[in-house]
Amino acid sequence: MATLSFPSSRSLAKMSLPSHWRALWAVARREWLIFIRYPSWIIQMLIWPIIFPLMYIFTGRALAGPDASGLQHFMQVSGASEFNGYVILGTTIWMWQNVVLWNVGFALREEQWRGTLESNWMTPTWRFAYLLGSSFPQVASMGMFLGITALEAGLIFGVRLNGNPWLMLLVLAACIPAIYGLGFAFASVVISVKEANTFVFLVRGLVMIFCGVSFPLSMLPGWMRGIAFWLPQTHMIDAMRQAALSNASLSQLAPSLNILLAFGAFWLAAGYILFQWMERQARKTGAIGQY
Amino acid sequence: MPTWAIEAENLVKKFPKRASANDAAQEGAQAAKPTRRLAWPFRRKEGPSWSTAVDGVSLKIKQGEIFGLLGPNGAGKSTTIRMLCTLLEPTSGTARVNGYDIRQQATQVRQSLGTVLAGERSIYWKLTGRENLEYFAALYHIPPPLARQRIKELLEHMELTERANDLVEKYSTGMKQRIALSKALLARPPILLLDEPTLGLDPQAARKVREIVAQLKAEGHTILLTTHYMEEADQLSDRIGIIDQGKIIALDTPEALKQRIDQQEVVRMEISGWHQELAASLQRLPNTANLVTRNLGSDSLYEVSLQTANSRAVLPGIIQTVNQNGTHLVNMNIVRPSLEDVFINLTGKALRD
């Protein structure tokens, strides 16, 4: 057995901003490598953009009647220029939030199941980096998912996104803090309570009903519209429809973007605070090592 | 430079009963008395009850020694080690690792330690051996050129160079354990905490890990090793702390521990046709103590150990007691006391109980 040229040292490794960035990047790279080594993601990415909106599209066609007069009424009420695009944008935002809740929300829990959370926790790295870093590949894979959705929506459903592509990207970027902040908050709670299915179903159910995934908010009773305002996904869906289907300008999008950024700041702060709370609790209860 | 690599003083860890379900299973923690407190003037509310996993552990580990923490499953070994590596906050008590306080200087403590907890499960099976080491090198803030050099050396040291680019899921358990050990050595920490490093390994792989541990000591590392394999603790450790029900019940060199017990010999027998009444008969024999039995797989074949100060004097009585009513002696040895016998002598039960 060869002898190591670095047997042991009492001096501690120097930690700097670049070394923290390298650690964050290492977490992202690890997560990406693990992600691509389960090839079933390719199938999911191809079929979900079609399957999920289909049920609303067929329901819409059935309700429209033989002369499609129902569809005309829907367009009037919703202000949409086309039905398929309207539904697909709603379901895509819903799927994005849903996937983030499952993936980012369960990022730490999955580490716990694997048995690797403790070995990460025992390194001197800033612990929030494990959550933040693991969300980077998720953002990348969701970017691919959104691209595939746009492509399939055009090819299969004939949806034409007539908005400014840069403004559409700006809206997507403005959605990221709120969607991922909620994911971080979720991940921290999941470590403490060990179970999250109920919460995921609750959140995505709320988004489904209150945020106008497949229908205009004017259909909701007044008190439900009040609740809808406080859900960031309502504004995400609305802003995306304005940007992609109604060719809205930056000034027209500005109110929605401001609201989204405010929600983003709130949820990122909530996610970080909950993470710190979870970390302190875990040191007391031993939750990190529990399966 | 601190005199002691690790100093723990009166460490206590209690878990609320609800939260400790898993720990109780792992640690077999003993229950403390439930407390009652007045919650509201009109009613009494039941307060939380606690299980005590570690109950006042104090120890000092010298620079460069291998310290073995020996005890049965659930004795408090893992909880102690998790407090020392800052995963758990002690309920009370203090500890310093490499001179750093585990409560106030947690980051420096983690920088001073290389740890192998949960063995093969502590690394990523969907990454290659090399990718695992690159990942953990970044988490330990090792500059990339230095990390590459250390990874190369560690892979050679652990004889894993040829398999370095294979996914860990294709490794044997022993190879996974060697990657876990390499991970612990990446930052060349002065202190290593190894929690059951040979658990689940085949004898050959376990021997290899023990060789590595001995070499790491020779290279200057201080090692805190927890195990419930007495031979391993005996073979590797300079000093041993025996822990049971959260308390250190003996602490000394392996030889000194074995010399402590009055009974200098152990009669080990394999008895066919064993029945419980025979245990009572053997325990009544004069000049014997600490009878321990273990089923050897079949219904009535048992291994039986009995401690005695003078085996020659008691053997005729033992043989006469055993060889009657359908039971008979299959095998018998007179051996020197092992650490397990020390444990039996201290607690009245076997390590594996």
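Student: At what angle do helix α5 (residues 107-114) and helix α8 (residues 165-193) of chain A pack, and how far apart are their axes?

Tutor: Two packed helices are described by the angle between their axes and by the distance between those axes. Here, α5(A) and α8(A) pack at an angle of about 40 degrees, with their axes 7 Å apart. That makes α5(A) oblique to α8(A); angles under 35 degrees count as roughly parallel, over 145 as roughly antiparallel, 65 to 115 as roughly perpendicular, and the rest as oblique. The axes are lines fitted to C-alpha atoms, for helices over the stretch in contact, and angles run from 0 to 180 degrees between N-to-C directions. This is a predicted model, in which local features need pLDDT of at least 70 and side-chain atom pairs count only at pLDDT 80 or more, while totals for chains, interfaces and linings use all residues. Residues are numbered from 1 along each chain as its sequence is written, and chains are lettered from A and ligands numbered from 1 in the order in which they are written.

Student: Which residues make the contact between α5(A) and α8(A)?

Tutor: Two residues are in contact if their C-beta atoms, placed from the backbone, lie within 7 Å. From α5(A) come Ala107(A), Leu108(A) and Arg109(A), and from α8(A) come Ala187(A), Val190(A) and Ile191(A). By class, these residues divide into 5 nonpolar, no polar and 1 charged. Ala, Val, Leu, Ile, Met, Phe, Trp, Tyr, Cys and Pro count as nonpolar, Asp, Glu, Lys and Arg as charged, and the others, Gly among them, as polar.

Student: What is the secondary structure of each chain?

Tutor: Helices (H or I, at least four residues) and strands (E, at least two) are DSSP runs, numbered from the N terminus. Chain A comes to 12 helices and 0 strands, whereas chain B has 12 helices and 17 strands. The C-alpha atoms of chain A fill a box of roughly 80 × 40 × 35 Å along the principal axes.

Student: How many of the residues count as buried in chain A and in chain B?

Tutor: A residue is buried if 20 or more other C-beta atoms lie within 10 Å of its own, exposed if 12 or fewer, and partly exposed in between, with C-beta atoms placed from the backbone. In chain A, 42% of the 291 residues count as buried; in chain B, buried residues make up 48% of the 353 residues. Of the contacts with a separation of 6 or more, residues 24 or more positions apart account for 80% in chain A and 72% in chain B.

Student: How do α1(A) and α7(A) pack?

Tutor: Helix α1(A) and helix α7 (residues 128-157) of chain A pack at an angle of about 50 degrees, with their axes 8 Å apart. That makes α1(A) oblique to α7(A). Among the residues in contact are Trp32(A) and Phe35(A) of α1(A) and Phe136(A) and Pro137(A) of α7(A). By class, the contact has 11 nonpolar, 3 polar and 1 charged residues.

Student: Which residues of α1(A) are buried, and what do they pack against?

Tutor: The buried residues of α1(A) include Ser19(A), Arg22(A), Leu24(A), Val27(A) and Glu31(A). The buried residues of this helix pack against α7 of chain A together with α4 (129-139) of chain B.

Student: How many residues does each chain give to the contact of chain A with chain B?

Tutor: Chain A gives 39 residues and chain B gives 44 residues. On the chain A side, α1 (17-36), α6 (117-121) and α12 (250-285) each supply at least two residues. The most comes from α1(A), with 7 residues. By class, the chain A side has 17 nonpolar, 14 polar and 8 charged residues.

Student: What is the phi of Asn98(B), and what is that of Glu196(B)?

Tutor: Most residues other than glycine have a negative phi. Phi of Asn98(B) is near 55 degrees, a positive value, and phi of Glu196(B) is near 50 degrees, also a positive value. Asn98(B) is found in the loop between β7 (92-97) and β8 (100-101) of chain B and counts as buried, with 22 C-beta neighbours inside 10 Å. Glu196(B) is in the loop between β10 (191-195) and α7 (203-218) of chain B and counts as buried, with 21 such neighbours.

Student: Is Gln276(B) buried or exposed?

Tutor: Gln276(B) is exposed, with 7 other C-beta atoms within 10 Å. Gln276(B) lies in helix α10 (residues 276-283) of chain B.
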